[in-house]
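Here is a walk through one model, taken a piece at a time. Keep the structure open and follow along.

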Amino acid sequence: MDRIKRFIDCFVPVSTCNLRCHYCYVTQSGEADNKLPEFHYSAKHIAQALSKQRLGGICCMNFCGAGETLLPPEMPDIIKELLLEGHYIMTVTNGTAKSRFDEITTFPKDILERLFFKFSFQYLELKRLNIFEEFFGNIEKVKKAGCSFSVELTPCDEEIPYIEDIKKLCLENTGALCHITVARDNTKYELPILTNLPKEEYKKVWGQFNSEMFDYKISVFGLKQTDFCYAGDWTCVLNIADGVLMQCYKGKKLQNIYSNLDSPINFEPIGKHCLESHCYNAHAFLTFGAIPTADKNTPSYADMRNRSCRDGGQWLTPKMKKFMSGKLQQSNRQLKKFDIYKNRLLSHICAGQKKKEYRDRYKKLKELFAL
Ligand code: SF4
């Protein structure tokens, strides 16, 4: 059985999109500049940089653009090479780039079963452009080709009058209600929920979709994570175009993994130094188990994505469901207390805080444990 070794969130630096959603994070930050990224490395080079051998095993890689992920023409090849390498690939998409789905669904069947699409259901934009048929047609296409999928709505106050229509469309076309995420206001450090509703009312309105994803996200939304986090080791954030690997969105830069394919990757967990006000993508990082101590009551990533359909089918294939149900601690060693202490001292030294005091303590520890 395939076990997840690492979860790598791959940022695709595309800042253009064919839709104009008002709650989009690119629109919020004013970064939309209609540019496609420049890839300086071939798909084969990228797959070599991310080989199973170099990463220590089979990984789950999530592709997400600032704009529409599948617009860069290089994306199908990159996805294919990484699937051929044996990894599981997730692609976030607005579901409208028909020619990309046409191309991807011609890949060999045995690699498509390790491919998952997260269709962002941009209801208001699809309605404005009258392209629901195209959107659901693309979902049907990847499903028929043997891929897994999930449909997710970004809830906004303007969609509330259309909730019954949203439910009907999803039930009729995908056999189940869509999942619901929690939209955030990216312009503030606290990253609050993007709504004018009081939190309890927001929970009531969007809770009616019975989405495990919404229930879990809202339960941890706004909570500062203070336990030891393995981001930087078990999970990472990678810029897929230039190869810069980071611990997490706001973590330290680990290295450029494309420049020298022979150099090992120096993974280094962020530990207790998460720089975010809260783990807004906890539905991926924490469900896969980046913080093992938070894991006891945490559902699996498969729970965030799957739905059982009216016809008895499921959105995830059995193989994908099994893989997404795995936890990172099943294939990674947790650090002992001493290692955690060492990691904390090193972080302080790196941050230049109380340099002398920490250096002396680390020196004593080194002598004591003959490191
Ligand atoms: S708690 Fe979440 S946001 Fe913070 S470092 Fe860990 S994975 Fe990243």
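Predicted model: local features only at pLDDT ≥ 70, side-chain atom pairs only at ≥ 80, totals over all residues.

Residues are numbered from 1 along each chain as its sequence is written. Helices (H or I, at least four residues) and strands (E, at least two) are DSSP runs, numbered from the N terminus.

Back to H4 itself, which spans residues 75–84: 7 of its 10 residues are buried, so the helix is mostly covered. Buried here means 20 or more other C-beta atoms within 10 Å of a residue's own, exposed means 12 or fewer, and partly exposed is in between, with C-beta atoms placed from the backbone. The buried ones are Met-75, Pro-76, Ile-78, Ile-79, Lys-80, Leu-82 and Leu-83. They pack against helices H2 (43–49), H5 (98–104) and H6 (109–112), and against strands S2 (59–65), S3 (88–93) and S4 (115–121).

Leu-82 turns up again around Met-61. Leaving aside neighbours within four places in sequence, Met-61 is in contact (C-beta atoms, placed from the backbone, within 7 Å) with Ile-8, Cys-10, Leu-82, His-87, Ile-89 and Met-90. Met-61 also belongs to the largest nonpolar core, which has 97 residues; there Met-61, Ile-89, Ile-240 and Ala-290 touch the most other members. Such a core is a set of buried Ala, Val, Leu, Ile, Met, Phe, Trp, Tyr and Cys residues joined through C-beta atoms within 7 Å.

Now the sheet. It is open and mixed, with 9 strands in the order S6-S5-S4-S3-S2-S1-S7-S8-S9. Strand S6 (179–180) and S9 sit at the edges with a single partner strand each, so one side of each has no neighbour in the sheet. Strands count as paired if DSSP finds at least two bridges between them. S7 (residues 235–239) and S8 run antiparallel, joined by 2 bridges, and Leu-238 stands opposite Leu-245 in S8. S8 (residues 244–246) also pairs with S9 (residues 253–256), again in the antiparallel sense, over 3 bridges. Here Leu-245 has Gln-255 in S9 as its bridge partner, and a hairpin of 6 residues links the two strands.

Ala-290 shows up at the ligand too. The residues around the ligand, with C-beta atoms (placed from the backbone) within 6 Å of it, are Gln-225, Cys-229, Ala-231, Thr-235, Cys-248, Ile-270, Cys-274, Glu-276, Cys-279, Phe-285 and Ala-290. By class, that shell has 8 nonpolar, 2 polar and 1 charged residues. Ala, Val, Leu, Ile, Met, Phe, Trp, Tyr, Cys and Pro count as nonpolar, Asp, Glu, Lys and Arg as charged, and the others, Gly among them, as polar.

Finally, some loop residues. Most residues other than glycine have a negative phi.

| Residue | Phi | Loop |
|---|---|---|
| Asn-130 | about 55° | between H7 (123–129) and H8 (132–144) |

Asn-130 is exposed, because 8 other C-beta atoms lie within 10 Å. Leu-191 has 17 C-beta neighbours inside 10 Å, so it counts as partly exposed.

Which residues does Tyr-280 contact, beyond its neighbours within four places in sequence? They are Arg-184 and Leu-191. Tyr-280 lies in the loop between S9 and helix H12 (282–288), and is 8.2 Å from Arg-184, C-alpha to C-alpha, though 96 residues apart in sequence.

Note on methods:
Contact = placed C-beta atoms within 7 Å.
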